[in-house]
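Trainee: I would like to learn how to read a few features in a model like this one. Could you take me through them step by step?

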Amino acid sequence: MESELKDMNSNPPSSKEERPLLKSESDVTAAIEELDKKFAPYARTDLYGTMGLGPFPAAEKVKLAVAMVTLVPVRFVLAMSILVLYYLVCRVFTLFSSPYRGAEEEEEEGGGVVQEDYAHMGGWRRTVIVGSGRFLSRVLLFVFGFYWIPESCPDPETTSSSEEDDKEEPERPGVIVSNHVSYLDILYHMSASFPSFVAKRSVGKLPLVGLISKCLGCVYVQREAKSPDFKGVSGTVNERVREAHRNKSAPTIMLFPEGTTTNGDYLLTFKTGAFLAGTPVLPVILKYPYERFSVAWDTISGARHVLFLLCQFVNHLEVIRLPVYYPSQEEKDNPKLYASNVRRLMASEGNMILSDLGLGDKRIYHATLNGLFCKS
C-alpha cells in the first residue's frame, strides 16, 4: 500500500515553470473531486479526507489530541502484549516440530511459491494454537474498538445455488472468499475460522508475525516472480483448496478474489484463483460502518491509518455470512462464470456496487493524488 503512494514522489518540480497549471487550492480540490468520481471504489469519503490529510474541524482536532494521550498509548501497549503473547504460544507449541513443506519446494530455485507451515500439525498442540489464536484475535479487535461484531446469515433458500438442493450430504467448502477492505479483515477471519492466507514471502521472515503466519499455514508468494512461477502459485493454491475440500482436518484457505482493497462500497472483478478447483466456496461479506473515520485502507499511509484507528473510541464491523455456494457443472467448467456469479451474489446481499476497475487503476489514482498533494 505505502509503495503505491510513493510512485510520483521521486522527481519533484525544480522551478515554478515546471509546476502544473493548478494555480489555486480550489483548482487542486476540483481535480481531486474529479479523480474521486472516476476512481470511486478507492476514494475516501470520511471526515479525515483524501489520504487522511484533512482539513480537520476544530472539534475533531481536540478529539484526536485527547485520544493520542489517553487511548493510543494504552491500546498500543495492549496490542503489542497480545502479539508477543501469541508469538510465545506459537513458539512453545511448535518446539521440536518440523514445518510442513509442500511437494514442490520452488523457493530453492528462486521460484514464486514457498510452502512452509505448522498448520498441518495435528493433535492437541494444534488445537491450542488454533483456539488461542482465535481468542486473542478477537481480543485484539476489542482493543481496537470493535466491541461487538454482529453477524447475519441470509435465508439459504434465497441465496443457495441450483446444485445445493440436489445434494443429500453437504460438501465441505474448499475456500472462504471475502471482499477486502482493510488489514483488519485478516484479524476478523482469524477470530472466526483461523484460515490460511496467501502472503508475500517477506511476511514469513518478519519478527513475531513470521512464526504466526506459519502457524496459520500461509502460502508465501514471491509477487515479483514472472510467468514460469505463476503456474506454481496457482497450482499450490489449487492443491490447498482441494485438500481443504476433501479433508476435514486440513487447514481452510481464505482468499480475497478482488486482489486489493476498496472503500467497502464497491466490489471489484474477481480473479479466478479461488474458483479454478471447482469446489464449493463460502462467501463472507465485511462491512465497516463509520461516522468519522473509515477503516478502509486506501490512499492513506499505514502509520497514519493505525494512528487514526487507535484514536477512535468505537469502531464498527458487520458480517454477512452467506450459505456455502455449490457450483453447477457449467460453473465448474468455466471458472470465470463461477467467479462472476459468486461476485454478483455477494454484491446483491451486501448492497455493494459492481466495478470493473482493478489494481492498475488504483495505482494510477494513488500516484496522481500523490502528485497533486506534493505540488499544491
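Mentor: Gladly, and helices come first. Helices (H or I, at least four residues) and strands (E, at least two) are DSSP runs, numbered from the N terminus. This is a predicted model, where local features need pLDDT of at least 70, side-chain atom pairs count only at pLDDT 80 or more, and totals for chains, interfaces and linings use all residues. Residues are numbered from 1 along each chain as its sequence is written, and side-chain values use heavy atoms, with hydrogens and water left out.

Trainee: What is the helix and strand content over residues 64-89?

Mentor: That stretch is 96% helix and 0% strand, and its end C-alpha atoms are 35 Å apart. UniProt, in an unreviewed entry, lists residues 64-89 as "transmembrane region". UniProt positions follow the numbering used here, feature names are shortened, and annotations may be inferred rather than shown by experiment.

Trainee: How many salt bridges does the structure hold?

Mentor: The general idea is that side chains of opposite charge can pair when their charged atoms come close. Here a salt bridge is a side-chain nitrogen of Lys or Arg within 4 Å of a carboxyl oxygen of Asp or Glu. The structure holds 4 of them. One of these joins R292 and E60, at 2.5 Å from N to O. R292 lies in the loop between β9 (281-287) and α9 (302-311) and E60 in helix α2 (residues 58-69), so this pair ties together parts 232 residues apart in sequence.

Trainee: Is E60 buried or exposed?

Mentor: Buried means under 20% relative accessible area, exposed over 50%, and partly exposed in between (1.4 Å probe, protein chains only). E60 is buried, at 3%.

Trainee: Which residue forms a salt bridge with K362?

Mentor: D298 does, with the closest N and O atoms 2.9 Å apart. This pair links distant parts of the chain, with K362 in helix α12 (residues 359-375) and D298 in the loop between β9 and α9, 64 residues apart. K362 is buried, with a relative accessible area of 0%, and D298 is buried at 0%.

Trainee: And what about E239 and R246?

Mentor: They form a salt bridge whose closest N and O atoms are 3.0 Å apart. E239 is partly exposed at 38% relative accessibility, while R246 is exposed at 57%.
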